Amino acid sequence: MSILQEYEKIRKDLGDGINKGMELYLQLNPNLLLSDLYYKEKEYNKFDKWFREYLTPFYIMKIDNKYSLTLNQEYFDKDIFKSRHNDNILGTGYDYESLFRTFIDGKLPHLSREFYYDSEAGMFCAYSDNIKAVEELAFELSQERKNNNFKDYIPKMENYEFYL
């Protein structure tokens, strides 16, 4: 197997979320090479710690053989929903679920069928059996949050019906 084939296999095994995180990490650490992350456990562990911190306030947790991605209400920015207050969209966990579903459908349609949701008024929560999908969504949501782009999806978001 050539080095390029090996790199491609590693990329596939890691998934898009980790790979995009690595690209950003390498931009921030120009003294490192991709091979440092792939083949040096110490460097990969540093990256992994950085990646988990980068995802904050989104949190990934493993429960049995499923993975959850959560955002707790302490991190909710209710101001981004002001334009939809007349639609009774106030910035709850259910509203964040609607916003994130709209985001996924628009920007990450390949992930649309990967998740099921169990949000509450004070928490957004998505579940999947696919850790790669969870990591990719977490990375993309973190990027959108850091770049303050969620407001772009507010006008397009659906007001999903939630039943208790």
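Two strands count as paired when DSSP finds at least two bridges between them. In this predicted model, strand S1 (residues 59-63) meets that condition with S2, to which five bridges join it in an antiparallel arrangement. Within this pairing Tyr59 stands opposite Thr70 of S2, and the hairpin that S1 and S2 form has two residues between the strands, with Asp64 taking a positive phi near 55 degrees.

Strand S2 also pairs with strand S4 (residues 123-128), again in the antiparallel sense and over six bridges, and here Tyr67 stands opposite Ser128 in S4. Because five of the seven residues of S2 (residues 66-72) are buried, this strand is largely enclosed by the rest of the structure.

Turning to the aromatic side chains, a search of the whole structure finds 21 aromatic pairs. One of them is formed by Phe100 and Phe124, an edge-to-face pair with 4.7 Å from centre to centre and 90 degrees between the planes. Since Phe100 lies in helix H5 (residues 93-107) and Phe124 in strand S4, this pair ties together parts that are 24 residues apart in sequence. Phe100 counts as buried at 1% relative accessibility, and Phe124 counts as buried at 0%.

Phe100 also pairs with Phe150, and because their ring centres are 5.3 Å apart with the planes at 45 degrees, this pair is tilted. Phe150 lies in the segment after helix H6 (131-146), so its pairing with Phe100 in helix H5 ties together parts that are 50 residues apart in sequence. Phe150, at 6% relative accessibility, likewise counts as buried. Phe100, Phe124 and Phe150 are among the members of one aromatic cluster, which also includes Phe58, Tyr96 and Tyr153.

Terms used: Residues are numbered from 1 along each chain as its sequence is written. This is a predicted model: local features need pLDDT of at least 70, side-chain atom pairs count only at pLDDT 80 or more; totals for chains, interfaces and linings use all residues. Side-chain values use heavy atoms; hydrogens and water are left out. Buried means under 20% relative accessible area, exposed over 50%, partly exposed in between (1.4 Å probe, protein chains only). Helices (H or I, at least four residues) and strands (E, at least two) are DSSP runs, numbered from the N terminus. Rings of Phe, Tyr and Trp (its six-membered ring) pair if their centres lie within 6.5 Å; planes under 30 degrees apart count as stacked, over 60 as edge-to-face and the rest as tilted.
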